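Please look through the sequence and the model shown next.

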Amino acid sequence: TLFRSSTAEVSCCYKYLLFSYNIIFWLSGVVLLGVGLWAWSEKGVLSDITRVTRLHGFDPVYLVLLVGMVMFVLGFAGCVGALRENICLLKFFCGAIVLIFFLELAVAVLAFLFQDWVRDRVKEFFENNIKAYRDDIDLQNLIDSLQKANMCCGAQGPDDWDLNEYFNCTLENNSRERCGVPFSCCAKDPAQTVVNTQCGYDARKKGIVRSTPIYDKGCIPVLEGWLPRNIYIVAGVFLGISLLQIFGIFLARTLISDIDAVKAGYHI
């Protein structure tokens, strides 16, 4: 027979705070997984899974699914661990959050210390995705959004679009978009209410007077200039995410300690 020799109890406050914290994680993960699977369904990936390996650029759906899966698993472990007072699940949740926190910290420190290497990798990544611009609609929309939002064109400049088989200026290219750029490279005209998706045609041909100018700065130099101007915003976002993670770790560790204390109070 088990006898209780202490008055230690599991705090309902910490228990349901942790549950509430994790239910948001879990529901967000479900939404992201649903959006990612829907996007793949629309592109026909679910009916032909080999399409995943045929994309040469970055498919944004990968990131959505990865983040969704991590949030779903961690949210599930945290919710069930809190409700059932399961130490194994709580330790898994706590350990995973600690690991993610230190990985984020390591990435931030290494990115600061090896800025030239990071710049080269970002340039290489951007150029690879320029090559695959027409291969995937989500990638295409991502690049267009980036160029429009930052008023830039290409990685280092508009001529980077020579890397794409549809936009390069070679004589072998029979595309109508030859020697052009995507419409997202065109400078926005406030008087124009309808988006002209053909404004980038012949944009890089010599000797042609254009009615619509294009952005002449590359996205990497623009983003490099944006970061120092908004360093406090970036630092604030990183600090906010870190505090949320530390709060989750604190709740999990406190609940684990309470459960251990209750178990230690029982004897035969």
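How many nonpolar, polar and charged residues are in the lining of the largest pocket, by class?

## Basis of the model

The model is predicted, so local features need pLDDT of at least 70 and side-chain atom pairs count only at pLDDT 80 or more, while totals for chains, interfaces and linings use all residues. Residues are numbered from 1 along each chain as its sequence is written, and side-chain values use heavy atoms, without hydrogens and water.

## The largest pocket

The lining has 17 nonpolar, one polar and three charged residues. Here Ala, Val, Leu, Ile, Met, Phe, Trp, Tyr, Cys and Pro count as nonpolar, Asp, Glu, Lys and Arg as charged, and the others, Gly among them, as polar.

Two or more lining residues come from each of H4, helix H5 (115-131), helix H7 (219-229) and helix H8 (231-264). H4 gives the most, with seven residues. Helices are DSSP runs (H or I, at least four residues), numbered from the N terminus.

## Packing of H3

Helix H3 (residues 60-84) packs against helix H4 (residues 87-113) at about 140°, with the axes 8 Å apart. Axes are lines fitted to C-alpha atoms over the stretch in contact, and angles run from 0 to 180 degrees between N-to-C directions. H3 is therefore oblique to H4. By class, their contact (heavy atoms within 4.5 Å) has 13 nonpolar, two polar and no charged residues.

Helix H1 (residues 12-42) and H3 pack at about 150°, their axes 7 Å apart. That makes H1 roughly antiparallel to H3; angles under 35 degrees count as roughly parallel, over 145 as roughly antiparallel, 65 to 115 as roughly perpendicular and the rest as oblique.
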